[in-house]
Amino acid sequence: MNETMKHIKLLYFLTLSVLTGVFVYFQLKTYGDVRNKLVVESLHFNNHFAATTGSRLHETELLLDMIGHQLLDNDLHLDLEKSQAVMAEMLTRFPSVVGFGLTDPEGKYLAMSSREDLSNIKCLKKSDKTRESFNRTLQSDAMVIGTIHFCKIRNNWILPLRKALRDAAGNVTGVMITGIQMDKSVAFFQSAPIFPGQMSLLVNDTNRMHIYVNPLPETGYSQLFSSPVSRPPVEIATLNAKTGAGLSPEEIRKSEIGFRYEAWSQLTKEDSFYFVKYNKRYKIWAQTLIPMRTVRALFFGQGFFIQLVGFLVVSTGFLTLFHMLYRKEAAAHRLLSYQAVHDSLTDLYNRAALEDLSYQWITVDASPFLLLFIDLDNFKNINDSFGHTLGDKLLIEVSLRLKQLVPEDSEIVRNGGDEFSIFIKREEAGANSSHLGRRIVSEISKPYYISGLKLRIGCSVGISRYPEDGTGFEQLMVSADLALYTAKKKRNNYAFFNSELQKIMERKTLIEHSLHTAVEENELYMVFQPQVYGNGTIHGAEALVRWESPELGFVPPDLFIGVAEESGAMDSLWAFILDTSCAEFRKILDGCSDKADTLNLSINISVSQILGKNFKDELLRRLDHYRIRRSQTTIEITESMFIDELDYILPLLQEIRDTGISISMDDFGRGYSSLSMLRALPIDELKIDRRFVKHISEIKQDSDIIHSIIHMGHTMNMKVVAEGVEEKEQLCLLNSYHCELYQGYYFSRPLTAEDFVKFYQDKNERIPPLSKRIAHHMINRDFKMINDFCSSVKE
């Protein structure tokens, strides 16, 4: 996207974000202030409500205590007329009280404010409804609040209050009883609400029953007073009270402060604030309940909607201003967008458009199609010979031919340089897709007449099919690229992705996936192939990594090491190879005789490892750790390592060699080493590639090459090792060329550390007698006898 348009959008969203942030900040602050004010005032209100309730209950308790002692101390309870007169006078002073009664400690009525026959009234201690509350009264020094019940005579709910009367010794002499009528006219507990929707509640802690609710909700008395509350207030307060977090129920009951929590309320049918305070004397919870809608109503009443309209007006003004600026950049952006996904030279799509095109063709259209990768052959020669200007003209001509060759709804992409990609629908390509491939190769290969010159180029085409060869673009690209690789082997040809290529790709993927866990699962191990002198003495061993996968079976090193280098798993693999090689070689040294200290360890090094950070330090650290002398260590490198990185690798090798470690050039003869480069390298040893050794006795050219390599190595003071020695004839001929060291199945296959120790200890029996006899002739330098001996072997 155009940077200016990005900046306009960014500036707009930044401005809008700032405005929105400021608006939201002030609204949140206002909401928080409203909420905090409500919380503070409600908490204060509830504390006042609890204190007022406690005071009124205490007044009632004193009243019961006074009336009870007046009746008992003066024996007025024995005179029905006098006792009723005393209680009637008290009823006129407290209109919310429905009556008084006096019982003995056993619950039998001694006096009542009404004129009922006391013998007909059930004993409180024997009644199931009053027994528990009456017994608690006998055990308490404070007035006890009973369970609210419905009185049919009065057609109303009555809250019983009982007070035990005691003598000077503390013995219960009687129980004074009264009741409060719970209707809308009762003023005993009333506290005027200070917020809309506010409710005041009293809950009995001993039985979880409501004592008082003001104002009464639509549910009425019956539902409120006939069943306990869903959760005890102390439980809610313990779990939710912010100021009482961590306090036990008993600690909350003993606390002198009020608590606040938020919970869903059955009374308001929504989340609400609860403000609670406990009265220890009367064991009741004083609660103030305020629904959350009250907070919202108070918040919106602070001018929210006027501020919202102002915010929208300002935001709309900024939107209009930024929209005008944005439109001015839109046309320029469209042009730049086109240029961003189109090649300026050929006007085809460029590589940047591939992702969008693949999404369109795979996800949106989802119709079968062909993906063609085209690479021009010999185009580099045109550029080098005639210049880039003429090369650009040639690319334009190629693009024009491609446009004529493919159907109209196809998409052609110039990937870059002389590479092209084409999306073609299968139905447009026809049943014979091979014809399209041949036609493209044929047409592109026809002569071009540019600037008075007749030019010829070819092309290679790799074709993958959707969805058979891949359901994703990356997979299709890999498939087409593999097909192109096959086509380029023959030049000026085309190739389809096939099952064999698929197997190669799948196996490579499976190897890459399994290789990451191979070290952890102990699937990798090291073996050691002996390197032997011509006289039968064991020079040392080359450490070789092996992988035995439960899923893949035996995986050749030349296969999985290449995958490791491509996938980034080489670091962990190299660490395993180096550490395990040294550890196992230490076992070999310890298991062999004292003379084994001269054994040499050869370790193969890849390009990625020698270029890695701290390679030399890591190598030396492990050699020192396992007590392996540097003079008995050789690292093997390949010729290909020097092609691109010679200037960087050369000083690194010199540093390593200066530590006493020998350098060996592995697979010599396969690469492109020149004599001048070989002379410049810090090389101590040449290893002749096994492919030359294999045919040394059959192909004279290979024999001559080996002879020259050995002679060149000796001339440059290098040891020479022949790999792949498997037959006596090969050994005989190599000896005649004065090759010092040998390695191959003729002597031994790669061995584990334990088997190598046995091999070393039994070397006199394990090394064929031929080696000893040849060694004798080499010592005397009697080459004629050697040749005669070799001839006798062949016969």
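Me: In this predicted model, buried means under 20% relative accessible area and exposed means over 50%. Is H539 buried or exposed?
Reply: H539 lies in strand β21, residues 538–549. Its relative accessibility is 10%. The cut-off for buried is under 20%, so H539 counts as buried.

Me: Which residue joins its side chain to that of H539 in a polar contact?
Reply: H539 touches several residues beyond four places away in sequence, including T598, L599, N600, K719 and L741. Q531, V532 and Y533 are also touched. The polar contact spans 3.0 Å between side chains, and the partner of H539 is Y533.

Me: Which strands stand at the edges of the six-stranded open sheet?
Reply: The order is β12-β14-β15-β13-β18-β19, with mixed pairing. An edge strand here has a single partner, so one side is left without a neighbour in the sheet. That describes β12 (349–350) and β19 (494–496).

Me: In β15, what is the bridge partner of I374?
Reply: Strands β13 (residues 369–377) and β15 (residues 419–425) run antiparallel. Seven bridges join them. In β15, I374 is partnered by F420.

Me: Which helix packs on the sheet, touching β13, β15, β18 and β19?
Reply: The helix covers residues 433–445. Its direction makes about 155 degrees with that of β18 (458–466). The helix is α13.

Me: How many nonpolar residues are in the contact of α10 with α11?
Reply: The axes of α10 (residues 379–386) and α11 (residues 388–405) come within 7 Å and cross at roughly 140 degrees. Among the contact residues are F379 and I382 of α10 and L390 and L394 of α11. By class, the contact has no charged residues, three polar ones, and nonpolar residues numbering six.

Definitions and conventions. Residues numbered from 1 in each chain as written. Predicted model: local features only at pLDDT ≥ 70, side-chain atom pairs only at ≥ 80, totals over all residues. Heavy atoms only, no water. Pairing = 2+ DSSP bridges. Helix = DSSP H or I, 4+ residues; strand = E, 2+ residues; numbered from the N terminus. Contact = heavy atoms within 4.5 Å. Axes fitted to C-alpha atoms, helices over the stretch in contact; angles between N-to-C directions. Buried < 20%, exposed > 50% of the residue type's maximum accessible area, 1.4 Å probe, protein only. Polar contact = N/O pair within 3.5 Å; in protein donor to acceptor, adjacent residues only side chain to side chain. Nonpolar A, V, L, I, M, F, W, Y, C, P; charged D, E, K, R; others polar.
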